[in-house]
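I opened my notebook and started looking things up, one spot at a time. Here is what I wrote down.

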Amino acid sequence: MLRTGLEAREALAIRVQRRDPDARWTEEAFRHLVQRKLSAPQLPAIAQLAADMSIFAPRRLHNAYAEWKGGSLMRRPGEIAVSSTYGEILYSLVADLRPALAFEAGAGFGISGSYIAAALQNQRNGQLVSFEIGEYWDVAQRNIAAISPRARVINDAFENFSAHVRSSAPVDFAFIDAIHDPEVIERQVRQLHGFTSPGAVVVVDDVFQAGVPNRSVATLAEERWVSFAAFLGTRQLVLVMR
Ligand SMILES: C[S@@+](CC[C@H](N)C(=O)[O-])C[C@H]1O[C@@H](n2cnc3c(N)ncnc32)[C@H](O)[C@@H]1O
């Protein structure tokens, strides 16, 4: 049975891994954000954009993927984009948090960035800076710009973020969705943590392998700079930073 956006979000398993006594977030508050009804006018347009993109010819991934996995480097846009279920959750989290500065590692073709930028647009505040090493970064820029002008896609590795933003501007929200190598994911989150504001939310994609969270990525939840951590479905780890 095909579930609608809300039904699919309601069906996702939520497993709180850590909640410090002083954490602002509770399991109930998190569950509410994952499962609440959303009425943003852009959401159907973004789902349609993702569907439209899926008929496009495959594009070549960056050479970094050859070193990591080998095999074919050709991917259709639809194969690498976040689903509408997880995209709506990004929207909901950003709409609640109202970040001034949001980061994304891995713009892809701009689908996840569109969900984030739509929430920034509706709050009339904030900027998304998204990083993409693939040669199709400009497709992401155009797709997100059709939803909101509040985003900039930079054709550079996420790891170089400090060269592109004012060092005094803390990051309030981040979506880590670049290469899904656990070592790289862990390094990117650790690199980010000194640049986040208190209460910043970091959503880390694709942290599960064969249905269980990757062990080294899961250790991020134990860090002293994390106050709340939850696994979402069989994909993501959501961290709230101190
Ligand atoms: C899963 S896709 C991103 C999909 C996109 N977030 C979405 O849901 O629409 C991963 C992307 O990350 C890019 N990437 C990989 N490593 C990167 C890095 N270190 N910095 C920036 N982009 C990177 C890849 O080129 C690829 O396009």
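I started at S227 and listed its contacts, leaving out residues up to four places away in sequence: S227 touches D20, D22, A23, V240 and R242. I count two residues as in contact if their C-beta atoms, placed from the backbone, lie within 7 Å. A note on what I'm reading: this is a predicted model, where local features need pLDDT of at least 70, side-chain atom pairs count only at pLDDT 80 or more, and totals for chains, interfaces and linings use all residues. Residues are numbered from 1 along each chain as its sequence is written.

Is S227 buried or exposed? S227 counts as buried because it has 20 C-beta neighbours inside 10 Å. The cut-offs are 20 or more other C-beta atoms within 10 Å of a residue's own for buried, 12 or fewer for exposed, and partly exposed in between. I also checked S227 against V238, 11 residues along the chain, and their C-alpha atoms are 11 Å apart.

S227 sits in strand 11 (residues 226–232). Strands (E, at least two residues) and helices (H or I, at least four) are DSSP runs, numbered from the N terminus.

Two strands pair if DSSP finds at least two bridges between them. Strand 4 (residues 101–105) and strand 7 (residues 171–176) pair in the parallel sense over 4 bridges. F103 has A174 in strand 7 as its bridge partner.

Then I turned to helix 7 (residues 111–123). I read off 13 residues and a reach of 19 Å from first C-alpha to last, close to the 18 Å expected at 1.5 Å a residue; the expected span is 1.5 Å times one less than the number of residues. How many of its 13 residues are buried? I found 11, so helix 7 is mostly covered. Among the buried ones are S112, Y115 and L120. R124 follows helix 7, with a positive phi near 55°.

Last, I checked the ligand. Of the 22 residues around it, V82, G106, G108, S112 and A178 come nearest; near here means a C-beta atom, placed from the backbone, within 6 Å. The shell divides into 14 nonpolar, 5 polar and 3 charged residues. Nonpolar means Ala, Val, Leu, Ile, Met, Phe, Trp, Tyr, Cys and Pro, charged means Asp, Glu, Lys and Arg, and the others, Gly among them, are polar.
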